[in-house]
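Open the model in your viewer and keep the selection tool to hand.

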Amino acid sequence: MFHDIRGTLKKLTLGACLGAVALTGAACASSPGRGGPEPIHVEATAPRSEAVAGASVTPDGRPPYVNGAAFRGEEVTVGQEPFLLKGTLTVPVGKGPFPGVVLVHGSGPHDRDVRFGPNALFKDLAEGLSSRGIAVLRYDKRTFQYKEPFASGISIDDEVVVDAVSAMGVLKARPEVDAARVFVVGHSLGALLAPEIALRSAPVAGAVLLAPPGRPMWELIPAQLRYLGAPAERIAEVEKAAEPLKARTASSGSFLGLPLSYWNDLDSRDGVGMARKLQRPILIMQGERDYQSTEEDLATWRRGLAQVDRVDVVRIPGSNHMFIHGEGRSGPAEYMIPGHVDARVVERLCSFLLSARE
């Protein structure tokens, strides 16, 4: 029966980027500023535009905001033995040092490009940013490159945080990069952990939180299943299986095929609390068509960071969880439709990264 639940979840959440079964969302955070002339807490919607990424591509198949002549790519290594990870550093052409970004994946075994079907979220972001003067490091996730050692479970530190902190160190050490202008950019689970990664990599210039869920997983997963039209009995089974997590009464057993210790570890990560400690500029971005990180999730960040300086919140009309533009009701099937990250996402990211100051 439990296997059947997992099968239903996988089918219903193909390409979800949100949990250990490509499904669990994670909150992310923003951070307090260090002061300054006045607090800035911006709530904005990106301008609606016909010129969205994916509407056209260049002859080499790249989105129009990518200029392949404006940057170079280099293979790098992230992490420590026995889990060395392959990565790509894209560096702008010209005289540096340049601001830099480390991209941090959501949950699930992602490659460095975060590919879902024909789409590649991190490749688009990296090449778009590097076309505009920003160095970007992306790398294969540990659970992608080394699958077998983690078949029985893994901690959040080992899944995400340790390698992201290592990547920050690699980026800061590069002579082409201005170590005083290095940012963490996390998506989904990576967004939840971005403030913690930033704190553990201090000093950093700021953090960007893409598609940040704000609800605990025992609320998030059933909500996604309802949205996707899962049978009521399946939803009830998932809710019942999650009761020990919600009550925080169990330390053994499993949920969705992973040990409860993993879920308890995830639940203990306080993204908002970490963000309050960070004291650096924060940008939170969400697609208006994202059914995995919704307005309800965003409300968690508005409440938790209402008194925090230098937090920008931007919603992108028409974008889904992968920040690809579309029309109508979003769903898993559209992740298999070829597209590219919305140009407005790249533009807003560049504006933030190039203007943020301590």
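Start by selecting L256, in the loop between β10 (254-255) and β11 (258-259). Strands here are DSSP runs of E with at least two residues, helices are runs of H or I with at least four, and both are numbered from the N terminus. Check the backbone of L256: phi is near 55°, a positive value in a residue other than glycine. Most residues other than glycine have a negative phi, and most peptide bonds are trans.

A word on the source: this is a predicted model, in which local features need pLDDT of at least 70 and side-chain atom pairs count only at pLDDT 80 or more, while totals for chains, interfaces and linings use all residues. Residues are numbered from 1 along each chain as its sequence is written, and side-chain values use heavy atoms, with hydrogens and water left out.

**Two cis peptide bonds**

Go to P97, in the loop between β3 (85-92) and β4 (98-104). A cis peptide bond joins G96 to P97, with omega about 0°. Now select P203, in the loop between α5 and β9 (206-210). The bond from A202 to P203 is also cis. Its omega is near 5°.

**α6 and α7**

Select residues 217-227 for helix α6 and 232-247 for helix α7. Their axes come within 9 Å and cross at roughly 170°. Axes are lines fitted to C-alpha atoms, for helices over the stretch in contact, and angles run from 0 to 180 degrees between N-to-C directions. That makes α6 roughly antiparallel to α7. The classes are roughly parallel under 35 degrees, roughly antiparallel over 145, roughly perpendicular from 65 to 115, and oblique for the rest.

Show side chains. M217, W218, I221, P222, L225 and R226 of α6 meet I235, V238, E239, A242, L245 and K246 of α7. Contact means heavy atoms within 4.5 Å. By class, this contact has nine nonpolar, no polar and three charged residues. Nonpolar covers Ala, Val, Leu, Ile, Met, Phe, Trp, Tyr, Cys and Pro; charged covers Asp, Glu, Lys and Arg; the others, Gly among them, are polar.

**α2 and α11**

Next, select α2 (residues 121-130) and α11 (residues 343-355). They pack at about 55°, with axes 10 Å apart. The two helices α2 and α11 are therefore oblique to each other.

**α4 and α5**

Move to α4 and helix α5 (residues 189-200), whose axes come within 10 Å and cross at roughly 50°. That makes α4 oblique to α5. Contact residues include V160, V161 and A164 of α4 and L193 and I197 of α5.

**The cavity**

Keep α4 (residues 156-172) selected: α4 gives the most to the lining of the largest cavity, with three residues. Which residues line this cavity? Select V104, H105, Y139, K141, R142, E159, V160 and D163. The volume is about 40 Å³. A cavity is a set of points on a 1 Å grid over the protein atoms alone where a 1.4 Å probe fits but cannot get out, and lining residues have an atom within 4 Å of a point. By class, the lining has three nonpolar, one polar and four charged residues.

Conventions:
1 Å grid on protein atoms, 1.4 Å probe; cavity = no way out; pocket = protein on both sides within 12 Å on 5 of 7 lines; lining within 4 Å. Points joined across faces, edges and corners; volume = space filled by probe spheres on them.
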